[in-house]
Structure formats: C-alpha cells, structure tokens
Amino acid sequence: MKHFLLAAALILSAPAVMACETVTIGDLTIEHAWSKATIGAGRPGVFYVEITNAGSVDDALIGIATPAAGMPMLHETVVKDGIASMPHAMSIPVPADQNVQLSPGGYHGMLMGLTTALKEGASFPVTLSFEKAGEVTVNVDVLSLRAEGPDCADAVQ
Amino acid sequence: MLGVGAYRTRKQPTRSDLLPVPIGEMTWTLTDHLGRSVRPADWAGRPVMVFFGFTWCPDVCPTTLSDISLWLEELGADADRMIVALISVDPERDTPDVLADYVSNFDQRILGLTGSADEVAQAAADFRATYRRVAKDAGDYTMDHTAGVFLFHPDGRFVSIIDFHEDRRFAVPKIRRTLS
C-alpha cells in the first residue's frame with residue numbers, strides 16, 4: 001500500500017517535475033525543458049530549454065526533432081528598431097564553459113505542424129542534436145500559455 | 001515655430017512622425033473580440049496600453065501578454081479604468097472569435113482588436129506601428145511587427161513605449177504614470 005501511494009504521488013507530481021529534470025550528454029547538461037499550451041493544433045508551439053556546457057570544447061545545437069510536430073525548427077526572436085522578427089537559426093552556439101538559454105524573447109524551438117494541440121499538464125519528448133555531443137532526448141512539460149518558465153527550485157530566472 | 005515644418009525633408013522624418021498621434025486624432029475603427037465596434041473616441045478620458053501582435057505568434061506575443069497580465073495584477077484595481085488592447089496585425093486569421101479564445105488565456109482586462117486589412121492598416125498608421133507578412137513553406141506565413149507596448153495618458157497624449165527587451169521591472173512605474 002505504501003508503495004502504491006508513493007507511486008501514485010510520483011505520477012501526480014510528474015508533470016511539474018519533468019521540466020526540472022536534468023539530462024546530461026558528455027559535458028552538456030540539459031534542463032528546464034518546457035513549452036506553452038496552444039489553442040488547437042493550427043498554431044505553432046514553442047520549445048524552451050537551458051543547456052550548460054561544462055567542457056572546454058565549443059559545441060552547437062544544430063537541430064531538434066519531436067513526434068509532437070511535423071516541422072520543428074530553431075528560431076531566434078530579434079527585435080531591431082522596435083520590430084520583432086523570427087529568423088530561422090541554422091544552429092545555436094553552446095560555447096565551452098557557458099550556459100545557453102532558449103527562452104522567451106530569444107532563441108527558441110518553433111514547433112510547426114503540431115500533431116495535436118499542446119495541453120497544459122501534458123509532456124512530450126524532444127531530441128536535441130548537438131554538433132559534437134550527438135543526440136539526447138528530454139521530456140518537455142507543457143505549461144500554460146501565460147507561463148514565464150518552469151517553477152524549479154534551482155531554475156535560473 | 002511653424003516654419004520648421006517647411007524645412008523637413010522626406011528622408012529625415014521628424015520625431016513627431018515616428019511617434020503615435022494622440023488617441024483623439026486617430027481615425028481607425030476596429031472590432032473587439034466580442035464583436036463590438038470600437039473607435040478612438042470610445043477611449044476618451046481613459047489611460048491606454050496597446051500592443052500589436054497576432055495569435056499565431058509563438059514567442060513574442062504570449063510573452064508580452066503574460067508580462068502585461070502580471071503588470072495588471074500588480075497594479076490591481078488601479079488599472080481597472082485602463083484600456084488594454086492587443087491589435088492583431090494578422091486579421092486574415094485573427095477573427096473576433098479567434099481573439100476571444102486567445103485573450104481568455106490572459107488578464108480579463110485585455111481586449112483583442114481586429115478588423116479588415118484596411119482597418120488594421122489605419123490603426124497601425126495612427127500608432128506609427130509597422131508589420132509585414134513573411135512567407136514560409138507551403139503557403140504558411142508569419143508576421144514581423146512592432147513589439148513595443150504603447151502607453152497613453154487619459155487625455156490621449158502618447159506617453160512612452162515599453163520596449164520588448166527593456167527591463168520589465170521598469171514597466172509598472174511607467175504604467176502608473178499614465179494612471180494619475
């Protein structure tokens with residue numbers, strides 16, 4: 001019974017915890033993977049994550065893949081002369097000994113061709129491809145459209 | 001002072017050409033997310049906060065509307081008389097119903113405004129905002145658009161813009177200045 005309760009508690013708390021999960025590949029640490037709920041599947045979804053390169057070699061995020069979207073791409077929000085645009089980013093540098101954030105208003109993954117609407121509380125996997133470190137899959141929490149980031153005790157704000 | 005205008009050249013717009021005209025001099029007509037017609041005169045005597053965006057926008061627009069919602073919460077009832085509006089730069093997709101769905105995710109004081117292509121163009125011209133359709137694959141498109149949040153005094157005078165990348169902590173004091 002005790003185990004059952006513990007398991008139930010883990011399942012219930014899982015959605016809130018996943019974005020706070022840390023995944024490592026080589027010298028890279030990937031955490032705080034989150035997305036925002038979408039209205040329907042017609043609009044693009046968004047993907048945010050934080051990558052820390054503890055090594056001495058520069059790396060780069062060169063692509064993302066997910067079963068949640070037909071055409072996931074890397075983008076950067078650029079505001080020039082007050083005008084926001086979202087050019088496609090061929091790759092996102094992850095320099096040695098640095099922390100890179102895909103976060104609101106900057107670099108982000110754009111999930112076009114969603115297979116289904118992203119519902120708050122759901123999660124989906126995203127595989128990140130790095131130039132040197134290779135591929136790693138993280139679980140992405142879908143937060144509300146209003147969310148500004150996951151609520152992790154160690155989250156960098 | 002009147003003579004200054006005569007020396008103005010087209011290549012060098014004066015500062016007043018770059019700033020929104022006072023609300024009372026604006027000429028747009030738009031439709032809100034409940035289907036009601038809205039004109040600048042409806043906003044007379046109220047502080048105003050306006051943001052241009054579109055609901056297909058994945059990053060800048062929900063981020064800005066989240067910020068605006070937090071500011072409004074912080075201001076509480078002080079901001080109840082404020083007109084807060086998202087004007088869509090994508091009227092083709094953003095019908096009043098679509099906007100209603102969208103704004104329901106944010107602070108309830110935020111209005112969604114849309115209109116015909118010409119109506120939206122007139123609103124953007126009055127606010128000196130710009131937007132541009134950018135084609136993507138398979139007939140899809142996105143929009144580049146002015147990302148700042150415009151603030152107006154209750155008498156219609158333009159006060160300032162909260163830039164997208166400026167420190168968000170300065171926003172609430174800026175908004176407060178329009179409320180008094």
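In the predicted model, a salt bridge joins Glu166(B) and Lys174(B), with the closest N and O atoms 3.2 Å apart, and both of these residues are buried. Over all chains, 13 salt bridges are counted. Side chains of opposite charge can pair when their charged atoms come close.

Arg176(B) counts as partly exposed, at 38% relative accessibility. Asp80(B) forms a salt bridge with Arg109(B), for which the closest N and O atoms are 2.9 Å apart. This pair likewise links distant parts of the chain, since Asp80(B) is in the loop between α2 and β4 of chain B and Arg109(B) is in the loop between α3 (96-103) and β5 (110-114) of chain B, 29 residues apart. Asp80(B) is partly exposed, with a relative accessible area of 45%, and Arg109(B) is also partly exposed, with a relative accessible area of 23%. A network of salt bridges links Asp90(B), Arg93(B), Lys136(B) and Asp140(B).

The strands of chain B include an open sheet of 7 strands with mixed pairing, in the order β2-β1-β5-β4-β3-β8-β9. Strands β2 (37-38) and β9 of chain B stand at the edges with a single partner strand each, so one side of each is left without a neighbour in the sheet. Within this order, strand β3 (residues 48-53) of chain B runs parallel to β4(B), the two being joined by 6 bridges, and Met49(B) has Val84(B) as its bridge partner in β4(B). The chain passes from β3(B) through α2(B) to β4(B) in a β-α-β crossover that is right-handed. On pairing with β5(B), β4(B) again runs in the parallel sense, over 4 bridges, and Leu86(B) stands opposite Gly112(B) in β5(B). By contrast, β3(B) and β8(B) run antiparallel and are joined by 4 bridges, with Phe150(B) in β8(B) as the bridge partner of Val50(B).

Helix α5(B) packs on the sheet, where it touches β3, β8 and β9 of chain B, and its direction makes about 165 degrees with that of β9(B). Helix α3(B) lies across β1 (30-32), β4 and β5 of chain B and runs at about 155 degrees to β5(B). In a regular strand the side chains alternate between the two faces of the sheet. In β4(B) both faces are covered, as Ile83(B), Ala85(B) and Ile87(B) on one side and Val84(B), Leu86(B) and Ser88(B) on the other are all buried.

Helix α2 (residues 60-75) of chain B comprises 16 residues and reaches 22 Å from its first C-alpha to its last, close to the 22 Å expected at 1.5 Å a residue. This helix is mostly covered, with 13 of its 16 residues buried, and α2(B) is followed by Gly76(B), whose phi is positive, near 60 degrees.

His153(B) is found in the loop between β8 (149-152) and β9 (158-162) of chain B. With a relative accessible area of 18%, His153(B) is buried, because the cut-off for a buried residue is under 20%. Apart from its neighbours within four places in sequence, His153(B) is in contact with Arg46(B), Pro47(B), Val159(B), Arg177(B), Thr178(B) and Ser180(B).

Most residues other than glycine have a negative phi. Against this background, Asp97(A) has a positive phi near 60 degrees; Asp97(A) is located in the loop between β8 (92-94) and β9 (98-102) of chain A and counts as exposed, at 66% relative accessibility. In chain B, Arg128(B) has a positive phi of about 60 degrees although it is not a glycine. Arg128(B) is placed in the loop between α4 (117-127) and β6 (131-135) of chain B and counts as partly exposed, at 33% relative accessibility.

Technical notes: Residues are numbered from 1 along each chain as its sequence is written. Chains are lettered from A and ligands numbered from 1 in the order in which they are written. This is a predicted model: local features need pLDDT of at least 70, side-chain atom pairs count only at pLDDT 80 or more; totals for chains, interfaces and linings use all residues. Side-chain values use heavy atoms; hydrogens and water are left out. Buried means under 20% relative accessible area, exposed over 50%, partly exposed in between (1.4 Å probe, protein chains only). The expected span of a helix is 1.5 Å times one less than its number of residues. A salt bridge is a side-chain nitrogen of Lys or Arg within 4 Å of a carboxyl oxygen of Asp or Glu. Two strands pair if DSSP finds at least two bridges between them. A crossover is right-handed if, with the strands pointing away from the viewer, the path from the first strand over the helix to the second runs clockwise. Contact means heavy atoms within 4.5 Å. Axes are lines fitted to C-alpha atoms, for helices over the stretch in contact, and angles run from 0 to 180 degrees between N-to-C directions.
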